[in-house]
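Good morning, colleagues. Please look at the display as I speak.

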Amino acid sequence: MTPQGKILDQENIRRAMMRIAHEIVEKNKGVDSLCLVGIRTRGAILAERLSECIKTIEGKPVSVGILDITLYRDDLSLVAQQPVVHETLIDFDISGKKIVLVDDVLYTGRTIRAALDALIDLGRPATIQLAVLIDRGHRELPIRADYVGKNIPTAADENVKVILTEIDKTEDEVVVKKVGV
Amino acid sequence: MTNWKRRDLLDLQSLDKEEIELILETAKSFRQVSTRDVKKVPALRGKTVALLFYEASTRTRVSFELAAKRLSADVINISSTSSSSTKGESILDTALNLEAMNVDMIVVRHYSSGVPNILSQHLKAGVINAGDGCREHPTQALLDIFTVKEKLGSVAGRNITIVGDILHSRVARSNIWGFKKLGANVTVCGPSTLMPRCVKDFGVEVSYDLEASMKKSDCVIVLRLQKERQQDSFLPSLREYAKLFGLSQTKLDKASKDLLIMHPGPTNRGVEIGADVADGSQSVILEQVTNGLAIRMAVLYLLLGTKE
């Protein structure tokens, strides 16, 4: 069984983001034509933080966009009510760019599939890479992350919650909980 | 935000403020889809929308068709002149036959008030009212409210004047319901022969002086003079109507430079609106059309996602 409760604290998360930023810069040999695209809502915040980290490393800012994948979900015909649609805010041309998609938790891979389709409708990036804070396993599609903050083996009846101060108004942490407990 | 529970959009009279706001908020996110190179998202893939139009329409029909197509739904177009209604089939029978072919949504425009309501009582498919008789045209009012909100930043407390043939106008009725629900003050203005008898029961002010109303307004919605509904001599002449209630540049010059001019289209230039006003900097007529597409995408998305 996975350890329950707090898996990462504020410091752990900060260090993980900094390491991922270093890995992104290393793998892409700098930040030329590099852009970050965060998936709403928590991925967008992590993308913003990664861009800050990259700026301290390279001294140059990278563009950050926010992607809303609601209209590309594959379960729209299954859910009882339509999820709320938000705006996609990407104010740069993604064609020819090296895009790093950012999300908080990688699970079934279906969100990333939707994000890939949404991105490709906006242009033709040179490459798309994937950075996630948590990889919790249980993939249902052939998708993997290029950059991972922490791998957490989980059971399907567990819930991984990433708490970020920007939206949750409390200190950053990652918590694993049995569903219904 | 409120949860969406409806399968039909029949009128704004029965919608509450939160539902209207959810549609407006959703429309905002849909606007960008039409600005991209790939103007299509897969949200309604596999759904079928039938447009059942028993009255002439360009804007509304094209807008609904594009909205459905940009959400990846399949669209069929039926107009009264080229369908079996010319052989005497009732609209309910036509709709039931469409449903037998598993159409998910029927968008209906009809010259009789209440037709969408009757259809919705007999159909499992959703029904959207695209204008029924003199009753309501909910998506037009939603796009008008959306445009006011975008242009002026808010709706509550704003003064809206609707000028023209209030008696026959479904656009006026839907706008009155919608704007009132969001807290705007509505004035209706027009010749007394084209004013419904109990119009004050709507909770609106009544004016017979356009220039005076314009001075107090943030936005004027100019209604098309429906020439096809003027057989009963409501007006002495079009010229007199144009002089008293037509929004000319001369009248506009006397009002605030920030006054917003809207028109649901199609315009009778030189009758209810001057050509220079329609093309002028205070007119947002074409922006209304752009916003209409986003509103209809939002409505289709919300309604087609609701399960029984």
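This is a predicted model: local features need pLDDT of at least 70, side-chain atom pairs count only at pLDDT 80 or more; totals for chains, interfaces and linings use all residues.

Which residues of α2(B) are buried? They are B:Thr60, B:Ser63, B:Phe64, B:Ala67, B:Ala68 and B:Arg70. These residues lie on the same side of α2(B), because they cover an arc of only 170° around the axis.

As for the helix itself, α2 of chain B runs over residues 59-70 and has 12 residues. From first C-alpha to last, α2 reaches 16 Å, close to the 16 Å expected at 1.5 Å a residue. Just after α2(B), B:Ser72 takes a positive phi of about 75°.

Let me now turn to the domains. Chain B is divided into domain 1, comprising 17-137 and 289-304, and domain 2, comprising 138-284. Their C-alpha centres lie 25 Å apart. Each domain of chain B gives 20 residues to the contact between them. On the side of domain 1, the elements that give two or more residues are α1 (17-30), β4 (126-132) and α11 (285-304) of chain B. By class, that side has eight nonpolar, six polar and six charged residues.

Finally, the contact between the chains. It takes 18 residues from chain B and 14 residues from chain A. On the side of chain B, α1 and α11 are the elements that give two or more residues. The largest share, four residues, comes from α1(B). By class, this side of chain B has nine nonpolar, six polar and three charged residues.

Note on methods: Residues are numbered from 1 along each chain as its sequence is written. Chains are lettered from A and ligands numbered from 1 in the order in which they are written. Domain bounds come from an automatic or database domain assignment. Two residues are in contact if their C-beta atoms, placed from the backbone, lie within 7 Å. Ala, Val, Leu, Ile, Met, Phe, Trp, Tyr, Cys and Pro count as nonpolar, Asp, Glu, Lys and Arg as charged, and the others, Gly among them, as polar. The expected span of a helix is 1.5 Å times one less than its number of residues. A residue is buried if 20 or more other C-beta atoms lie within 10 Å of its own, exposed if 12 or fewer, and partly exposed in between; C-beta atoms are placed from the backbone. The arc is that of the directions from the helix axis to the C-beta atoms.
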